[in-house]
Amino acid sequence: MFPYPSGTLHLGHLRVYTISDVLARFKHMQGHDVIHPMGWDAFGLPAENAAIERGVDPAQWTVQNIAKMKEQLSAMNGRWDWDRYIALIDNFVQEFMTCDLSFYKHTQRIFLLLHERGLAYQAESLVNYDPVDQTVLANEQVDANGFSWRSGAKVEKIKLKQWFLRITDFKEALLNDLEILGQDNKWPERVLSQQQNWLGKSQGAKIQFQVISNAGEASWPAVETFTTRADTLFGVQYLALSLSHPIVTRMAKLLPELQAFIDDAPSLPPDSKAGFLLPGIHAQSPLSGFAGPTTKVQEPLPVYATPYVLDDYGSGAVMGVPGHDSRDHAFWRENQGSKPILTVVGPSDGSPASSFLVPGENDEVNESKGILTMASGPFSGLASQDAIRQIISALQQQGLYAEHTDNWRLRDWLISRQRYWGTPIPIVHCESCGPVPVPTADLPVRLPQLEPGQFKGRGGNPLDSIPDWVNTPCPKCQRPAKRETDTMDTFMDSSWYFFRFADPHNKEDPVSPEAADANLPVDLYVGGVEHAILHLLYARFISKFLATTRLWPSGGGPENRGEPFRRLITQGMVHGRTYTDPATGRFLKPEEVDLSEPASPKVRATGEKPNVSFEKMSKSKHNGVDPGDTIAKYGADATRAHMLFQAPVSEVLEWEEDRIVGIQRWLNRVWRVTHEASACKPNETLRPAPQDMSDTEAELWLMTQKTIESVTTSFSSTYTFNTVISDLTKLTNALASVTPFPRAGSSTGRPPADKAVNSRLFAEATSELLQMLAPVCPAFAEECWELLQASQGHVLRGSIFKSGFPIVDEAAVRVLSGRDQPCAVQVNGKLRFATKIPVPAAELLEDGAEKSLENWVVSKILLTEEGK
Ligand code: ANZ
Ligand code: ZN
């Protein structure tokens, strides 16, 4: 995931790009043709706010930030494809950035493709409005408690005419194809389930209730409810309508108290169960006809207006079943006190008795499906699932309105933003022709350049007041018309940028069909889990859409179905060491903590021990770490290795810089081992054949092969980079514990037998260690490689990155693992002795082998016990 050019690279960036760089280098060494691109998600509010607050040009602000961050990035020894990153436009060297004309021209092109298909439309609806940033937001950009993801402001609902993309047309594919992504854990489970919940397919039914005036005169429309539990229909005790339901709206005109209740609702807590009993009307259960001696169909049903019923879900009306839905239960208790609550579904194994919930006795809601109780008339004794079907068809037979239906949580994607710094929506509004798309030949619709004074305080769209830009002839009838002044949500830019890397200099199209077919989907995508339902959902939608156009004919093949990212790694956050004053709870600045004795920090002012925790880095907690400082102090390679070693990729990484000394020590050891190897005289020796290896040699060679195997698995499928580091450390230690022989210029005699290894074997194992290290510590490994070439020049040539990635010496592994294996024997957790086991490991699993091994071990124990 490409970064937003905020101006500073943080440790989170360092973590993502370390992961992707390591993998890109690994795949490259394996001989793959790797595209590892970089670019900038460069439109967005911070640039515009900088313009307002500091009077700088957003474009200039962005370009400056990019220059800074690019410098910081290059310090981390990343290998990016610069030619896909830099485009030469109008003779200027230009970064790959979404705010560039040559990029947003194509974002507009894609918008028009959507528009052509009727997938981009303008509609008036209740939308999320961020009063701080003064712009509307998509549903995905409002958190569960109703706050803006960006400004943190409480989001308001207002009615506006806005541009939407019909993502709901793709809902089935977006849901079904999660299965493709779930195969072999290609995408993290967590992301898949978040997307599934967000799409929110819910199978249920629409059921109508008649609403009747108590006095009998006024007529009211029937109320349609959506329910997933038609089996609880006999337990309905009230009807609840959303605050914008037509009946509520109609009544509010006559009832000031109701209007006041509606007006006050936004200030209620999010889980409020406040209700307003609508006077003078009641609802009738569609089941009246089925009522028998044991049923307790409640009548008349009170009708409420309440904010807990959502305006935009189902039909904005709920059949209230306090016995089987906890929200309805809470609502009933708040509005009807201790009045009895009917239960109509019992446990699957129980008898079909009905009962009432009584506060203080058995007021527990049973939300599970089960067997319908006696209270359900002719449906008593049926299992919930069957009851749902039978109740719906019985209602239909009675000529009542009831229908199975699916409901989705997903709404169309609202992409208009009332802001300047985004891709202009390429539409012209004409009084006679309506909204007219700007012809492709006239693209891009350029953002006008503004003087600092034209950015008018936070909020408001400065484009509205640039007549030269707004006024333009209608592309269809040439009469005076006006440009659309809304710009696109920046998530639109990032929903397709990865296509552009396949064909960055294409002037005509966003991407050529050939380039898209050859390069997409992206094989591996790395980024933060916070985009699980934002960027990752939008990107899936736009990719699936492009797969229906001529731009991506194959859609990545029939098994891919237009999915953009074959594999996804979501890295965890980096948390910083945080000090708080134990007395006041205040976050302490670095200079307020005495770290002269690292093991026992002190609050300078009081001499007390501060509380230490690890938290998300932020300015207010004074726990930020500048990756530049760490790199300057320890070098990029050690920083990278430290980053990978401290935590598994998907988990939170607690950044403890002190621990980097462990990595430094290890790299020093690698350096010494390389020196040893380079002092060898391998020209004069051959690596012994496996059967001729001494025990020490066999152990070292086998370990080298096992390390190649596990490191290759970690890099190519499990992404367990922390174990890569520990595996390589172990191999380094093994190399450091033996002595190569013969050596150049060495007059000392042969080392002891349990230390000596053939120097050619030693040098080869070392070169393989370096190759495995190269993706993680590229500069250091290259340097070691050069040193090793001094003596190994005849076999090692050129850059380590051109030398290939080591492959397991299968033949040797077969022979060597057939030899007696060193083995520690524990009995009941106590180490008894170490010995050698003659049985090859793989054959242990064959029938009887285990038994015979056991016998062998037991006899050996008895022997040693006796021997004592
Ligand atoms: C009666 C009932 C009885 C319900 C019961 C549930 C359990 P999901 O699964 O999320 O789709 N509902 C319907 N429309 C609503 C709205 N606009 N605002 C708030 N709640 C609404 O949820 C479906 C259930 O949510 C529906 O099934 C309805 O309550 C409620 F024992 O109907 B149920
Ligand atoms: Zn016109």
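This is a predicted model: local features need pLDDT of at least 70, side-chain atom pairs count only at pLDDT 80 or more; totals for chains, interfaces and linings use all residues.
Local features are given where pLDDT is at least 70, side-chain atom pairs count only at pLDDT 80 or more, and totals for chains, interfaces and linings use all residues. Residues are numbered from 1 along each chain as its sequence is written, while chains are lettered from A and ligands numbered from 1 in the order in which they are written.

**Overall make-up**

Along the principal axes, the C-alpha atoms fill a box of roughly 115 × 80 × 65 Å. Of the contacts between residues at least 6 apart in sequence, 70% join residues at least 24 apart; a contact here is a pair of C-beta atoms, placed from the backbone, within 7 Å.

**Two helix contacts**

Helix 21 (residues 695-718) packs against helix 25 (residues 810-818) at an angle of about 130°, and their axes are 10 Å apart. Axes are lines fitted to C-alpha atoms over the stretch in contact, and angles run from 0 to 180 degrees between N-to-C directions. Helix 21 and helix 25 are therefore oblique to each other (under 35 degrees is roughly parallel, over 145 roughly antiparallel, 65 to 115 roughly perpendicular, and the rest oblique). Helix 21 contributes Ala-698, Trp-701, Leu-702 and Gln-705 to the contact, and helix 25 contributes Ala-812, Val-813, Leu-816 and Ser-817. By class, these residues are six nonpolar, two polar and no charged (nonpolar: Ala, Val, Leu, Ile, Met, Phe, Trp, Tyr, Cys and Pro; charged: Asp, Glu, Lys and Arg; polar: the others, Gly among them).

Helix 1 (residues 11-29) and helix 19 (residues 636-646) cross at roughly 90°, their axes coming within 10 Å. Helix 1 is thus roughly perpendicular to helix 19. The contact is formed by Leu-14, Arg-15 and Thr-18 of helix 1 with Arg-640, Met-643 and Leu-644 of helix 19. It holds three nonpolar, one polar and two charged residues.

**The shell around ligand 1**

There are 18 residues around ligand 1, and Ser-202, Thr-227, Arg-229, Gly-314 and His-324 come nearest; a residue is near if its C-beta atom, placed from the backbone, lies within 6 Å. Strand 7 (223-227) and strand 12 (317-320) each supply at least two residues of this shell. The shell divides into seven nonpolar, nine polar and two charged residues.

**Backbone features**

Two peptide bonds are cis: the one joining Leu-443 and Pro-444, and the one from Leu-520 to Pro-521. Pro-444 lies in the loop between strand 21 (434-437) and helix 13 (467-470). Pro-521 is in the loop between helix 16 (513-519) and strand 25 (522-528).

| Residue or bond | Angle |
|---|---|
| Leu-443 to Pro-444 | omega about 0° |
| Leu-520 to Pro-521 | omega near 5° |
| Gln-478 | phi near 65° |

Gln-478 has a positive phi without being a glycine, and it lies in the loop between strand 22 (471-473) and strand 23 (480-483). Gln-478 counts as exposed because it has 9 C-beta neighbours inside 10 Å. With 17 other C-beta atoms within 10 Å, His-622 is partly exposed.

Technical notes
Helices (H or I, at least four residues) and strands (E, at least two) are DSSP runs, numbered from the N terminus. Two residues are in contact if their C-beta atoms, placed from the backbone, lie within 7 Å. A residue is buried if 20 or more other C-beta atoms lie within 10 Å of its own, exposed if 12 or fewer, and partly exposed in between; C-beta atoms are placed from the backbone.
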